[in-house]
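I would like to walk you through one structure, slowly, so please have a look at it before I go on.

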Amino acid sequence: MTGTMRLKIVLILCCISAISGNDIYNQAWYSKLDSSKQAHYDNLTDDITSFLNGGDDSHRHDEYRGFGPVLLRTSFHAAGTFDHKFNKGGINGGTLQHNKVLEKSGNACIDIATDVIKVFARRNKISFADTTAIAGALALKSMDFPRMDLISVKGGRFDLDASHAGGPSDLPNAQVNPLQKFTDEYGFSTAEFVALIGGAHSLGAAHAVCTCYAGSFSDRPLSWAGPDFFRDLVDEEWTWYTLTTFDDDTITFTIGSEPDWPTGRGKREIQ
Ligand code: HEM
């Protein structure tokens, strides 16, 4: 084979991989899979990529139309039960698919994403746990995350039945010192915690019907906007409000004084 032909083949293979999103996989792990297993993972990335590009909407009455943010949030909600000290919990086991876990208040609206993850997992014969991790990485990719070179997903996670649901650790909770949770249980530094929260919360929005918070986190909810989350917190003017949701998902804000915490209240940017 001539050098030019070899180059063409390499280029074609690179193109296929870029289109299908296979570049999110850890290549050392992926290259050891047999060809039929590789095909399952390839089809899964194609499926999720088409879905993300298809413009399906995760939340009605939202300021954006897309599924990337809720898939990313869901991969964190699966990973977030990991306990670093005991090496337990996390995405492996796929317990986020079970109602006992989804019903926890911190997981409000996560079922919107787990419903589609279950379909992709079943259709491509990949565990729910792997599919959740892969969906999170592809969501980041679809939202222009600039450091995809740092993402290297391995597969091989397995699913456990509902009797294992619960996990050793709950998600971080905004009311109970989340920084401590990230440092003690995940082993993060403060700088890593700040980068993760600020970066992730530049994407998507809060939804009154899910968490009683409302509004997009940045002006570009479907495109990674860097540190807009913190910039807005500091630069914008904010006021306390009381939020009321109605059966048809409409909401009203009543500007008021500082609330008792926690209630369906928060701070809102003054328009
Ligand atoms: C202390 C930790 C965290 C807390 C308390 C927290 C809290 C929240 C809350 C209340 C919402 C609004 C959900 C809604 O109303 O739909 C939200 C959304 C979101 N969170 Fe977090 N979060 C945390 C960490 C993270 C991390 C580590 C990630 C990703 C790596 C993440 C990704 C997201 C995304 C992408 C959304 C937007 C979802 C959408 O638009 O549907 N969060 N978060």
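What you see is a predicted model, and the mean pLDDT of the protein is 82, with 84% of its residues reaching 70 or more. Please be careful with residues 1-19, where the pLDDT stays under 50 and where the model has four contacts beyond four places in sequence. Residues 261-266 also have a pLDDT below 50, although this stretch has 11 contacts in the model beyond near neighbours in sequence.

Now, which residues are closest to the ligand? Of the 22 residues that surround the ligand, the closest are Pro69, Pro178, Ala200, Gly204 and Thr211. By class, this shell has 16 nonpolar residues, five polar ones and one charged one. Helix α4 gives the largest share of the shell, five residues, while α9, β1 and α10 each supply at least two. Domain 1, residues 3-171, and domain 2, residues 205-271, both give residues to the shell, and therefore the ligand lies between them.

Let me stay with α4, which covers residues 68-79, and look at how its axis meets that of α6, residues 111-124: the two axes come within 9 Å and cross at roughly 90 degrees, which means that α4 is roughly perpendicular to α6. Where they meet, α4 brings Val70, Leu71 and Thr74, and α6 brings Ile112, Ala113 and Thr114. By class, that contact has four nonpolar and two polar residues, and no charged ones.

Note on methods. Residues are numbered from 1 along each chain as its sequence is written. This is a predicted model: local features need pLDDT of at least 70, side-chain atom pairs count only at pLDDT 80 or more; totals for chains, interfaces and linings use all residues. Axes are lines fitted to C-alpha atoms, for helices over the stretch in contact, and angles run from 0 to 180 degrees between N-to-C directions. Helices (H or I, at least four residues) and strands (E, at least two) are DSSP runs, numbered from the N terminus. Angles under 35 degrees count as roughly parallel, over 145 as roughly antiparallel, 65 to 115 as roughly perpendicular and the rest as oblique. Two residues are in contact if their C-beta atoms, placed from the backbone, lie within 7 Å. Ala, Val, Leu, Ile, Met, Phe, Trp, Tyr, Cys and Pro count as nonpolar, Asp, Glu, Lys and Arg as charged, and the others, Gly among them, as polar. A residue is near a molecule or strand if its C-beta atom, placed from the backbone, lies within 6 Å of it. Domain bounds come from an automatic or database domain assignment. pLDDT is the predictor's confidence in each residue, from 0 to 100.
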